[in-house]
Amino acid sequence: MSKLLDAVLSVRRAEEDEAELVREIVCAAYSKWITVIGREPTPMTVDFNKTVREHDVNLAIVAGEVVGLIEVWPGADHFWIENIAVYPHRQGMGIGRILLAHAESKAAQSKLGEIRLQTNEAFEANIALYTVLGYKIDRREPFKGGRTVFMNKKL
């Protein structure tokens, strides 16, 4: 299904006036984790106007519907994935994989040989996906009563 989805999915940068849409996607995607970690996940608490204004937020679109996003930026020696979120009714269709491939392509265009991200240790499904796609766990650090997992992938 991912090949078919890849053929019909387009990606474009979010506009400044789409901060509310970005907030809606992020909050919908992360709300399932509130009961798991006992608080709102950090991505739900950011200033979305600032995020869209200052970062590269790419929206995934299928049949005219915005279904997810990935927020990235180049660092000095690596490409950073700050956030990836897909509407719950669109999860499990390969959209996250396509967005991660999009980020890897942007990293390669930036001539950066490594891509990095972090996630909550309790988000086991996310860690499993990243691992399948070639990301390795770099380290774990305590954070707000849980642990953050830092991952990277050499390109």
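1. A word on terms before the fold: two strands count as paired if DSSP finds at least two bridges between them, and helices (H or I, at least four residues) and strands (E, at least two) are DSSP runs numbered from the N terminus. This is a predicted model, in which local features need pLDDT of at least 70, side-chain atom pairs count only at pLDDT 80 or more, and totals for chains, interfaces and linings use all residues. Residues are numbered from 1 along each chain as its sequence is written, and side-chain values use heavy atoms, with hydrogens and water left out.

2. Have a look at the sheet: it is open, has 7 strands and mixed pairing, and runs in the order β1-β2-β3-β4-β5-β7-β6. Its edge strands, β1 (9–13) and β6 (136–143), each pair on one side only.

3. Within the sheet, β4 (residues 79–86) and β5 (residues 114–120) pair in the parallel sense over 3 bridges. I81 has L117 in β5 as its bridge partner.

4. Two helices to view against the sheet come next. Helix α2 (residues 19–30) packs on the sheet and touches β2 (56–62), β3 (65–74) and β4, making about 75 degrees with the direction of β4. Helix α5 (residues 95–109) also packs on the sheet, touching β1, β2, β3, β4, β5 and β7 (146–154), and its direction makes about 160 degrees with that of β4. Contact here means heavy atoms within 4.5 Å; axes are lines fitted to C-alpha atoms, for helices over the stretch in contact, with angles from 0 to 180 degrees between N-to-C directions.
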